[in-house]
Amino acid sequence: MSYDMLFSPMKIGNVEIKNRVVMAPMCMGFGQYNGCATETMMDYYEERAKGGVGLIFTEITRVNDITGASSFGQLGMSHDYQIPALKEMADRIHKHGTKVMVELHHPGRQNLGLMIGTVPLCSACNKLLGDTFTKILTKGIIPPGKVLQDKDIIFKVAAPSKCEKSKMSESVNRPLSNKEVKRLVCQFVEGAVRVQKAGCDGVELHASHGYLIQQFLSPNTNHRTDEYGGSLENRMRFLLEIIRGIRKNCGKDFPVVVRLTVDEMYDKIGKKGKGYNLEEGLKMAKILSDEGIDAIDVSSAAYDTFNYWLEPTTFDCGWRKYLAEEVKKVVDIPVIAANLIRSPKQAEKQLEDGIQDFVSLGRPLIADPYWVKKTESGNENLIKRCVCCLYCFESMMENAYKYDHGHCSVNPFVGREGETLNHNGNGRKVVVVGAGCAGLTAAELLAKRGFDVTVLEKEKSVGGQLNLASKPPHKDKMNWVCTDLLSNLQEENVEIKLGVKADKELIDSLKPEIVINATGGNAIHPKAFECDNVSTVTEILNGTVKLENKKVAVIGSGMTGLETSELLISQGNRVTIVEMADEVAPGAWFQQVDDAMPKLKDAGTEFLTSHKLLAVKEDGIELENLKKNIKVFVKADYVVLSLGVKPDTSLYDEIKNSNDYKVYNIGDSVKIGRIANATESAYQLVTSIN
């Protein structure tokens, strides 16, 4: 397919971008508390420039250290000493013909209370303790602060006015004074001046996703009675003053882009009338266009409506393209938009249809830095697609408390872009048993190192546990992980034998030097519940057991239990979910739960938390109410167990003591985990083999 639009140049202001692909700004935590770009951050961005992207927007970049520092690993433009490192990073990006603009940001009420004033304190401690302080930070100085924050025993975060807590941070907020507002305007402008001095190609103002500038725009968070609150004109004053200040100090030839939420999406979570909708968002876009900004980066939602800007896997590709399409009708400047684009064909179509002028790729470029070059060279089948598992954001948030960075489920090289594989395989024979994501990742990396790899898989298709994970409604993207790995293995000429059950005799006959066991795991099915009307989620998901119009009890409310319940409901069953913990989906990432629960509740699903399964009868289940210490009987035609998975080590145990070859065990066959755990274990093993 020809991608004439995708690879045509276009200008933002007076800056020509070589193609229409933009890397969206995403904080991954590769920085340091002084705000200077690190070598790891430079490697990360340069790798995407090498991969052919036309324009990179950096991650959120602070302009204020006291109330505006969101992360210890965040880029900063709050001081002149941060300019040289940014200049070095910009120079490295420019070497590859890629432009770079810096996203200026302040979190406002979405900050964490424990971050208020912490960055200057860390800088002072570093001057006294040097590297010792960084080591202390990485070992957990932050979690105790989080405990204080959870109890509101901490500084208040800054907001346009006192308002409800942000869903994500749950920090108490306070209103900014008029003097503070004007000072922040100056700090945004000063930040832009530093960006220009560093040789970057422009700035983007983050007026989206519920951060401070959007908080000024929204009547939900802006209750001010001075010139910065009330009417739309007043609510936009903060943003417009920043734009005018940048124009005055940086000149009209220095591009200014605004990333704008054009619909807060409160109606999507049943809160119609709250905040502002698309109608008012279009008015904002028109005002910004008339003001003379150079491009508008269309987005949606905020942290309170999180899944409508950072979507889970169940969302359809392109579902929010209508937002950019409507903005295009009211502005006369380039429109940038993400729109959950996952394929070059989708990108080209949306450009051809005039929905947008630039395609913004965020998570897809984390998953595959070479998305653009693979498309341009006719190898789009080799793209490792983002499956919207949300692990990049989840890991970034969790690792922020450890002074660490985010990771990617399908790309174990994230944060390791400066590292290279050792190509000393020299044709040595390796057998990989299991074609799930751990086995296939290991096989690909080994092939790239020069090993002669054969993969054995007992099923007739690759995928392992992900074949099951893709079966619930709208979860088909999960299949992409192994489908894409298979395409890359075929490119590397790796031999893959499907429908072949490996045993010691077969492996011995292949005469390998190395055997990697990646046989995954099996669903737990206690003997006490081995009854005719009981199965595990595996049998439901693979279609061995098909239920229709039954009353089904699902035991276990982890994400597998919830998603299997969705499948059962779609087949006409009524479901009761039983969970021993006091809450549904304990330990699951909140976005996944927020995605699943409304669908389950709308279908009339019953939830019994703090209940333990005691026995299965012909007509139902006997439970113990753990809070009341009483027995309860619930009628059910069928019982589905979602009690977790245990490693399958049968083959490993048989061959691990072989004297003829080295044997390794990876993925779920060692410890049950997620996609990221499987691919990481494969990376760690392969890079450790001499």
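Reader: Where in the chain does Ala581 lie?
Author: This is a predicted model. Strand β21 covers residues 574-579 and helix α22 covers 590-602. Ala581 lies in the loop between β21 and α22.

Reader: Is Ala581 buried, partly exposed or exposed?
Author: The relative accessibility of Ala581 is 23%. Buried means under 20% and exposed means over 50%, with partly exposed in between. Ala581 therefore counts as partly exposed.

Reader: Which residues is Ala581 in contact with, leaving aside its neighbours within four places in sequence?
Author: Ala581 and Leu608 are 27 residues apart in sequence, and their C-alpha atoms are 9.5 Å apart in space. Contact means heavy atoms within 4.5 Å. With the neighbours within four places set aside, the residues in contact with Ala581 are Pro586, Thr609 and Ser610.

Reader: Which residue in β25 stands opposite Asn625?
Author: Strand β24 spans residues 620-625 and runs antiparallel to β25. Six bridges join β24 to β25. Opposite Asn625 stands Ile630.

Reader: How many cavities of 30 Å³ or more does the structure hold, and what space lies in the largest?
Author: Rolling a probe the size of a water molecule over the atoms shows where empty space is left. The structure holds four cavities of 30 Å³ or more. The space in the largest cavity is about 760 Å³.

Reader: Which element supplies the largest share of the lining of the largest cavity?
Author: The lining has 47 residues, and those nearest the centre are Met26, Cys27, Tyr211, Trp309 and Phe393. At least two lining residues come from each of β11 (295-299), β13 (358-361), α13 (363-367) and α15 (391-399). The largest share is four residues, and it comes from α15.

Reader: Which element gives the largest share of the lining of the second largest cavity?
Author: This cavity has a volume of about 100 Å³. Its lining has 13 residues, with Cys386, Val387, Cys389, Cys408 and Ser409 nearest the centre. Both α13 and α15 supply at least two residues of the lining. The largest share, three residues, comes from α13.

Reader: Is Leu390 buried or exposed?
Author: Leu390 sits in the loop between α14 and α15. Although Leu390 is not a glycine, it has a positive phi of about 75 degrees. Its relative accessible area is 2%, and because buried means under 20%, Leu390 is buried.

Reader: Is Lys511 buried or exposed?
Author: Lys511 is another residue that has a positive phi, of about 50 degrees, without being a glycine. Its place is the loop between α19 (504-510) and β17 (514-517). The relative accessibility of Lys511 is 67%, so Lys511 counts as exposed.

Reader: Against which elements do the buried residues of α12 pack?
Author: Helix α12 covers residues 344-352, and its buried residues are Pro344, Gln346, Ala347, Glu348, Gln350 and Leu351. Just after α12, Gly354 takes a positive phi of about 75 degrees. The buried residues of the helix pack against α11 (321-328), β13 and α14 (371-376).

Reader: Which element gives the most to the lining of the second largest pocket?
Author: About 670 Å³ of space lies in this pocket. Of its 31 lining residues, Glu47, Lys384, Asn411, Phe413 and Lys448 lie nearest the centre. Two or more lining residues come from α16 (437-448) and from α18 (480-491). With six residues, the element that gives the most is α18.

Reader: What classes of residue line the second largest pocket?
Author: The lining of this pocket is made up of 31 residues. By class they are 12 nonpolar, six polar and 13 charged.

Note on methods: Residues are numbered from 1 along each chain as its sequence is written. This is a predicted model: local features need pLDDT of at least 70, side-chain atom pairs count only at pLDDT 80 or more; totals for chains, interfaces and linings use all residues. Side-chain values use heavy atoms; hydrogens and water are left out. On a 1 Å grid over the protein atoms alone, a cavity is a set of points where a 1.4 Å probe fits but cannot get out, and a pocket is an open set with protein on both sides within 12 Å along at least five of seven lines; lining residues have an atom within 4 Å of a point. Grid points are joined across faces, edges and corners, and a volume is the space filled by probe spheres set on the points. Buried means under 20% relative accessible area, exposed over 50%, partly exposed in between (1.4 Å probe, protein chains only). Two strands pair if DSSP finds at least two bridges between them. Ala, Val, Leu, Ile, Met, Phe, Trp, Tyr, Cys and Pro count as nonpolar, Asp, Glu, Lys and Arg as charged, and the others, Gly among them, as polar.
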